[in-house]
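Here's a quick briefing to read with the structure open beside you.

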Amino acid sequence: MEKIKKLFLLMVILIPAMAFTACSDDDEPEANNELVGTTWTCIDNDTEHGYYSLETLSFKSGSKCVYTMVEKEDGVTVTDFSINGTYTFNPPVVIISMSYEGENATMNLTVSDNKMISKDGYTFTRQ
């Protein structure tokens with residue numbers, strides 16, 4: 001009879017514990033999912049001085065992003081590179097972290113409608 005009481009007590013403890021255990025299907029959606037799959041561009045086209053630049057931010061899943069920059073002077077490409085980075089998005093603020101040639105950089109941007117504006121005044125437009 002003592003074994004039955006212990007077994008019953010064990011079941012009373014374990015069944016509620018199993019009922020409140022979360023499954024992977026119950027996980028919260030990715031916090032940054034509002035930006036996932038979006039691309040934003042910043043274009044500087046100074047035709048008077050023969051300068052053109054295109055900066056692109058592409059947001060991926062897993063808080064990953066890609067920053068790309070192409071610069072041209074008098075129609076000749078002088079810069080063309082891409083950097084993989086990470087980001088956090090706590091609306092309306094996006095913070096991007098990346099590293100290039102041993103240098104770490106952080107971009108702080110604020111999203112407003114289809115614009116993403118840096119503290120320096122650069123404006124990226126959603127594509």
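Tyr67, Phe81 and Tyr100 make up one aromatic cluster. Keep in mind that this is a predicted model, where local features need pLDDT of at least 70 and side-chain atom pairs count only at pLDDT 80 or more, while totals for chains, interfaces and linings use all residues. Residues are numbered from 1 along each chain as its sequence is written, and side-chain values use heavy atoms, with hydrogens and water left out.

**Aromatic pairs**

- Rings of Phe, Tyr and Trp (its six-membered ring) pair up if their centres lie within 6.5 Å; planes under 30 degrees apart are called stacked, over 60 edge-to-face, and the rest tilted.
- By this rule you get three aromatic pairs.
- One of them is edge-to-face, because the rings of phenylalanine 59 and tyrosine 87 have centres 4.8 Å apart and planes at 80°.
- Phenylalanine 59 sits in strand E2 and tyrosine 87 in strand E4 (residues 76-90), so this pair ties together parts that are 28 residues apart in sequence.
- A quick word on names: helices (H or I, at least four residues) and strands (E, at least two) are DSSP runs, numbered from the N terminus.
- Are phenylalanine 59 and tyrosine 87 buried or exposed? Phenylalanine 59 is buried, at 2% relative accessible area, and tyrosine 87 is buried with 2% too.
- Here, buried means under 20% relative accessible area, exposed means over 50%, and partly exposed is in between (1.4 Å probe, protein chains only).
- Tyrosine 67 and phenylalanine 81 form a tilted pair, because their ring centres are 6.3 Å apart and their planes are at 50°.
- That pair links distant parts of the chain, with tyrosine 67 in strand E3 (residues 64-73) and phenylalanine 81 in strand E4, 14 residues apart.
- Tyrosine 67 is buried at 9% relative accessible area, and phenylalanine 81 counts as buried at 17%.

**The nonpolar core**

- A nonpolar core is a set of buried Ala, Val, Leu, Ile, Met, Phe, Trp, Tyr and Cys residues joined through side-chain atoms within 4.5 Å.
- The largest one has 20 residues, and Leu57, Phe59, Val94, Ile96 and Met116 touch the most other members.
- Strand E1 (39-46), E2, E3, E4, strand E5 (93-100) and E6 each give two or more residues to this core.
- Which element gives the most to it? That's E4, with four residues.
- Leaving out residues up to four places away in sequence, phenylalanine 59 touches Trp40, Tyr87, Val94, Ile96 and Met116, among others; contact means heavy atoms within 4.5 Å.

- Although leucine 109 and phenylalanine 89 are 20 residues apart along the chain, their C-alpha atoms are separated by 9.6 Å.
- Serine 53 belongs to strand E2 (residues 51-59) and is buried as well, with a relative accessible area of 4%.
- Not counting residues up to four places away in sequence, serine 53 touches Cys42, Ile43, Asp44, Val70 and Glu71.
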